[in-house]
Amino acid sequence: QVQFVESGGGLVQPGGSLRLSCVPSGNILSITVMGWYRQAPGKQRELVATITSDYAPNYADAVKGRFTISRDNTKSTVYLQMNSLKPEDTAVYYCNSLNNKCLPSDYWGQGTQVTVSS
């Protein structure tokens with residue numbers, strides 16, 4: 001069982017950029033599909049992007065063309081480059097592994113806060 005630690009969030013103006021990082025807090029037994037999620041106050045947690053062990057990415061329509069997910073399989077580290085940020089991107093961002101049913105692990109980290117505001 002592995003949990004992840006997210007970092008890189010902060011306060012940024014609309015149109016700005018941030019790069020989020022996700023590192024394991026325990027031993028990684030296998031390489032799997034990884035995803036970034038976000039949750040705004042009063043809203044459901046939503047899937048933002050995924051990346052397979054073969055580096056194939058997928059994105060939610062809301063972030064397509066603006067965000068880039070990547071990973072370093074040797075370090076089991078996942079990144080989310082966020083460009084052209086909008087106020088509606090404001091949320092706590094989490095990373096997690098996905099199983100074969102495209103469902104996340106039950107073990108969530110603390111997340112990292114991203115606030116987009118002028």
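This is a predicted model: local features need pLDDT of at least 70, side-chain atom pairs count only at pLDDT 80 or more; totals for chains, interfaces and linings use all residues.
Residues are numbered from 1 along each chain as its sequence is written, and side-chain values use heavy atoms, with hydrogens and water left out.

**Stop 1: the cysteines**

Stay on Cys-102. Its relative accessible area is 56%, so Cys-102 is exposed. (Exposed means over 50% relative accessible area, buried under 20%, and partly exposed in between, with a 1.4 Å probe and protein chains only.)

Now select Cys-22 and Cys-95. A disulfide joins them, with 1.8 Å from S to S. (The rule for a disulfide is a pair of cysteine sulfur atoms within 2.5 Å.) A search of the whole structure finds one disulfide. The torsion about the S-S bond of Cys-22 and Cys-95 is about 70 degrees, so this disulfide is right-handed. The bond links distant parts of the chain: Cys-22 lies in strand 3 (residues 18–24) and Cys-95 in strand 9, 73 residues apart. (Strands are DSSP runs of E, at least two residues, and helices are runs of H or I, at least four; they are numbered from the N terminus.) Cys-22 and Cys-95 are both buried.

**Stop 2: the aromatic cluster**

Show the side chains of Tyr-37, Tyr-94 and Trp-108. Together they form one aromatic cluster. (Rings of Phe, Tyr and Trp, the last by its six-membered ring, pair if their centres lie within 6.5 Å; planes under 30 degrees apart count as stacked, over 60 as edge-to-face and the rest as tilted.) How many aromatic pairs does this rule give? The count is two.

Take Tyr-37 and Trp-108. Their ring centres are 5.0 Å apart and their planes stand at 85 degrees, so the pair is edge-to-face. Tyr-37 is in strand 4 (residues 33–39), while Trp-108 is in the loop between strand 9 (91–98) and strand 10 (112–116), 71 residues apart. Trp-108 counts as partly exposed, at 23%.

Next, take Tyr-94 and Trp-108. Here the centres are 5.9 Å apart and the planes at 80 degrees, so this pair too is edge-to-face. Tyr-94 is in strand 9, 14 residues from Trp-108. With a relative accessible area of 12%, Tyr-94 is buried.

**Stop 3: an arginine over the rings**

**Stop 4**

Switch to a cartoon view. Four strands form an open sheet, in the order 1-3-8-7, with antiparallel pairing. (Two strands pair if DSSP finds at least two bridges between them.) Strand 1 (4–7) and strand 7 (67–72) are the edges, each pairing on one side only.

Finish on strand 7 and strand 8 (residues 77–82). Six bridges join these antiparallel strands. Select Arg-71: opposite it, in strand 8, stands Val-78.
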